[in-house]
Each structure stands twice: as structure tokens, then as C-alpha cells.
Amino acid sequence: DIPLGRPVVLIVDDTPDNLAMLSSALVAAGYAVLVALDGASALERIARLTPDVILLDAIMPGMDGFETCEQIKRNDLYKHIPVIFMTALADTQHVVQGFRVGGIDYVTKPIRPDEVVARIAAHVRRAASQRHADIVLELNSRAAVIATAQGEVHWHSALAPQRLAHFYG
């Protein structure tokens, strides 16, 4: 059960101790947490509930984090989700690969929970703002009206008056 109104973080890591430590820190900070031990399980979890942010281990057996991120970003339903890589691989090649496949940030192991919580908060805020801006831009390219139940118009897109003119003209 995911509590309503709480941002959802999916943590993907093949090390149970990391999952436990991060889950505890995130729950204490007010997040709802989903966990997965591998890339395939992560994709299954995302298909059932779209998280607000994904914390993804780069190196895992089977499908690694880079491939998992590529698959997430290929799907239009999920490509907006910020992915933060967790890795002990701090060399430039791996950091660049994480960004190249769609990651938005990375943290190095050993994990510092306070830093991870702060980064997640920043990315959740930014992603929510971006989603709102995308919705407004999409509405503005269509004939859209936002009105009260009594019919009082609070906002309309630029196309709405001309499209509605033939009904009320």
C-alpha cells in the first residue's frame, strides 16, 4: 500500500543492506518506497505504479542499471521519471554512461543517506514542475478551458475563443 500524496521512490539495488538503509532514510523523510533487487523487477514495479524518482544501482547481475535505464527511457510513459544512479564506479566513463542513457544525477557508494534524500527532494520538485509546465504547454496548443462547476471560466488556451466562436458567435 502506497500512502496517497507521498512522492514514490523506487530503489533498485541487488544489495539488501543498501535497500534497507535507503528505505529507512526515505520513509523517515516522508517518501513512499518501492524496492527491486534487479532491473527486470524494477521494470515490473514501474508497470504497476509509476514512481516519482528512481534510485538505480549501476552494477547489478543480469540487466545492469545502464540497460535498465535505457529501457525505462524508451517508454514514453516513463521517460519523464528522474533516474539517479548509485555507483561505486566514480570514474568519468561510468558517470558519462549514466547520463548518456538518461540518468539525471548520480551518487557514489558508500551511500550517504542525507545527501541522497536531499538530491531526491530536489529532483522530485523539479520533475513535478516540469510535468506541470508540459501539461500547460500541451493545453495551450489545444482549445482548452478551465471552468468552475457554475461555468465561470478561470483560464483558457489561446485557441479556445476561436474554436468556440462558431458555437456562441
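What follows is a short exchange about this predicted model.

Me: What makes up the secondary structure of the chain, and in which pattern?
Reply: The chain has six helices and seven strands. Along the sequence they follow β-α-β-α-β-α-β-α-β-α-β-β-α.

Me: How much of the chain counts as buried, and how much area does the chain expose?
Reply: Of the 169 residues, 35% count as buried. The chain exposes about 9700 Å², with 56% of that supplied by carbon and sulfur atoms.

Me: How many contacts join residues at least 24 apart?
Reply: The share is 53%, taken among contacts between residues at least 6 apart in sequence.

Me: How many charged side chains are there, and where do the two sets lie?
Reply: There are 15 positive and 19 negative side chains. The centres of the two sets lie 6 Å apart.

Me: Why is Thr-87 called buried?
Reply: The cut-off is under 20% relative accessible area. Thr-87 has 5%, so Thr-87 is buried. Its place is in strand E4, residues 83–87.

Me: Which residues does Thr-87 touch beyond four places away in sequence?
Reply: Thr-87 touches Ala-58, Val-107, Thr-108 and Lys-109. One of these, Lys-109, is joined to Pro-110 by a cis peptide bond.

Me: What is the omega of that bond, and where is Pro-110?
Reply: Omega is about 5°. Most peptide bonds are trans. Pro-110 is in the loop between strand E5 (105–108) and helix H5 (113–140).

Me: What makes up the largest nonpolar core?
Reply: This core has 20 residues. Those with the most contacts inside it are Leu-10, Val-12, Ile-46, Ile-54, Leu-56 and Phe-85. At least two core residues each come from strand E1 (8–12), strand E2 (32–36), helix H2 (39–48), strand E3 (53–57), helix H3 (65–74) and E4.

Me: Which residues is Leu-56 in contact with?
Reply: Leaving aside neighbours within four places, Leu-56 is in contact with Val-12, Gly-65, Thr-68, Cys-69, Val-83, Ile-84, Phe-85 and Met-86.

Me: Which residues does the second core include?
Reply: The second core is separate and has 17 residues, including Leu-22, Ile-84, Val-116 and Val-124.

Me: Why is Val-116 called buried?
Reply: Val-116 has a relative accessible area of 2%. The limit is under 20%, so a residue at 2% is buried. Val-116 lies in helix H5. Beyond four places in sequence, Val-116 touches Leu-22, Leu-55, Val-107 and Ile-111.

Me: How far is Val-116 from Arg-163?
Reply: Their C-alpha atoms are separated by 48 Å, and the two are 47 residues apart along the chain.

Me: Why is Val-107 called buried?
Reply: Val-107 has 3% relative accessible area, and buried means under 20%, so Val-107 is buried. Val-107 lies in strand E5.

Me: Which residues does Val-107 touch, and how far is Phe-85?
Reply: Beyond four places in sequence, Val-107 touches Ile-84, Phe-85, Met-86, Thr-87, Glu-115, Val-116 and Arg-119. The C-alpha atoms of Val-107 and Phe-85 are separated by 6.2 Å, with the two 22 residues apart along the chain.

Methods
Residues are numbered from 1 along each chain as its sequence is written. This is a predicted model: local features need pLDDT of at least 70, side-chain atom pairs count only at pLDDT 80 or more; totals for chains, interfaces and linings use all residues. Side-chain values use heavy atoms; hydrogens and water are left out. Helices (H or I, at least four residues) and strands (E, at least two) are DSSP runs, numbered from the N terminus. Buried means under 20% relative accessible area, exposed over 50%, partly exposed in between (1.4 Å probe, protein chains only). Contact means heavy atoms within 4.5 Å. Accessible areas come from the Shrake-Rupley method with a 1.4 Å probe; for residues, only the protein chains shown count as cover. Lys and Arg count as positive and Asp and Glu as negative; His and the chain ends are not counted. The place of a charge is taken as NZ of Lys, CZ of Arg, CG of Asp or CD of Glu. A nonpolar core is a set of buried Ala, Val, Leu, Ile, Met, Phe, Trp, Tyr and Cys residues joined through side-chain atoms within 4.5 Å.
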